[in-house]
Amino acid sequence: MNKKKLSIGFTAVLLVITIITLIPRKGTRLNEISGQTMGTIMYHVKVVGHPELDFEKSIDSLLVVFNQALSVYIPDSEISTFNQTGELSHPSELFTDVFERSQAVYERTDGAFDPTVGPLISIWGFGPDKTVIIPDSSIIDSVLLLVSMEKVDYENGLLTKDRNVQLDFGAIAKGQAVDEVGKWLERKGVQNYLVEIGGEVRCKGLNQDGRTWAIGIEDPTVSQFETRGLAIVNVQDRSLATSGNYRNYYKTEGQIYAHIIDPRTGYNARHNLLSASVFASDCMTADAFATAFMVLGLEESIQIVEDDSNLDAVFVFSSEGEIDVYVSTGITEIIELTETLAE
Ligand code: AMP
Ligand code: MG
């Protein structure tokens, strides 16, 4: 055997060994933790193997740091300070990451995703004060003047904004926190894991049985107090985030008002799209697009997803009184719809 052949053979053996050690053997121990973050949101982390890792404390403190940067409910957080003072010099990496991603999705969705939407959320009764008073159009028009990413500037390390403009990354923060936990696990050498915060998921590698992680998507048509599976997707090295108007809305005078607002009109996004489950390589991107798609509606969302190789989606929508599902071309092979929908 000549030297070259030998080295190719050796490399091949090494590669096989590496792949075998990366694939969890059947019955490998699963390390599971859960807790609460961002108020009352539950999180769950599954790590295959690594019994030596005491990751519970580290993940908790990582989430505390996260909230201290980005929670609008913490009065002295970085974002609250910016909202009060209108200026932030050299924001943290967490802040710049979410700001820059938000800006990109804002542009890609023609302003349907906009983290300055907070004042509109408040007047519709979805802010900290939950009093329901349907605002009249003059109030909406005056609040609309405060809403636009164009009113926030980031240049030479200095973030500034117009007075009264408020930033709130609530529509993307869960996804970003999921990524932060995932990246921390990867830095610790974990190759096979699943992180979930409030329904937003990121998974890497394989599960404890050496199979791809199977993630459920919920049926948005059941009542607020029930859950029913709509589909199972076998995901590898990808993230999933879901938005819908089915968990957070109120009904008054026969009309439904939901928590996702079109920042361009000031009114609730209202169309036949019931939920948007979005897949992307990172959870922050999936989370932002999921919210944006609930504003854009079915047709525009399908176009964006099919044009972008990083994105896939499952859209549940109503059509002539029936419930229908759109599955993007990139995931048709890895999705199993529940029986009622598969018919
Ligand atoms: P999600 O559950 O990720 O879809 O986020 C929904 C939350 O994002 C809402 O409760 C609002 O606080 C906020 N939000 C609503 N509409 C928008 C929008 N068009 N762009 C950005 N954030 C929004
Ligand atoms: Mg979202």
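How far is an oxygen atom of ligand 1 from an N or O atom in the side chain of Ser243? In this predicted model, the distance is 2.5 Å.

## Ligand contacts

Two further polar contacts run to the backbone. A nitrogen atom of ligand 1 sits 3.0 Å from a polar backbone atom of Asp114. A nitrogen atom of ligand 1 also lies 2.9 Å from a polar backbone atom of Ile261. Taken alone, ligand 1 exposes 500 Å². The protein buries 88% of that area.

## The shell

Around ligand 1 there are 14 residues. Those that come nearest are Ala112, Ser243, His259, Ile261 and Thr291.

By class, the shell holds 9 nonpolar, 3 polar and 2 charged residues. Helix H8, residues 283–296, gives the largest share, with 3 residues.

## Positive phi in two loops

Most residues other than glycine have a negative phi. His50 has a positive one, about 55°. His50 lies in the loop that links strand S2 (41–48) to helix H2 (55–70).

Is Asp110 buried or exposed? Asp110 is exposed, because its relative accessible area is 57% and the exposed class begins over 50%.

Note on methods
Residues are numbered from 1 along each chain as its sequence is written. Chains are lettered from A and ligands numbered from 1 in the order in which they are written. This is a predicted model: local features need pLDDT of at least 70, side-chain atom pairs count only at pLDDT 80 or more; totals for chains, interfaces and linings use all residues. Side-chain values use heavy atoms; hydrogens and water are left out. A residue is near a molecule or strand if one of its heavy atoms lies within 4 Å of it. A polar contact is a pair of N or O atoms within 3.5 Å; within protein, one must be able to donate a hydrogen and the other to accept it, and residues adjacent in sequence count only if both atoms are side-chain atoms. Accessible areas come from the Shrake-Rupley method with a 1.4 Å probe; for residues, only the protein chains shown count as cover. Helices (H or I, at least four residues) and strands (E, at least two) are DSSP runs, numbered from the N terminus. Ala, Val, Leu, Ile, Met, Phe, Trp, Tyr, Cys and Pro count as nonpolar, Asp, Glu, Lys and Arg as charged, and the others, Gly among them, as polar. Buried means under 20% relative accessible area, exposed over 50%, partly exposed in between (1.4 Å probe, protein chains only).
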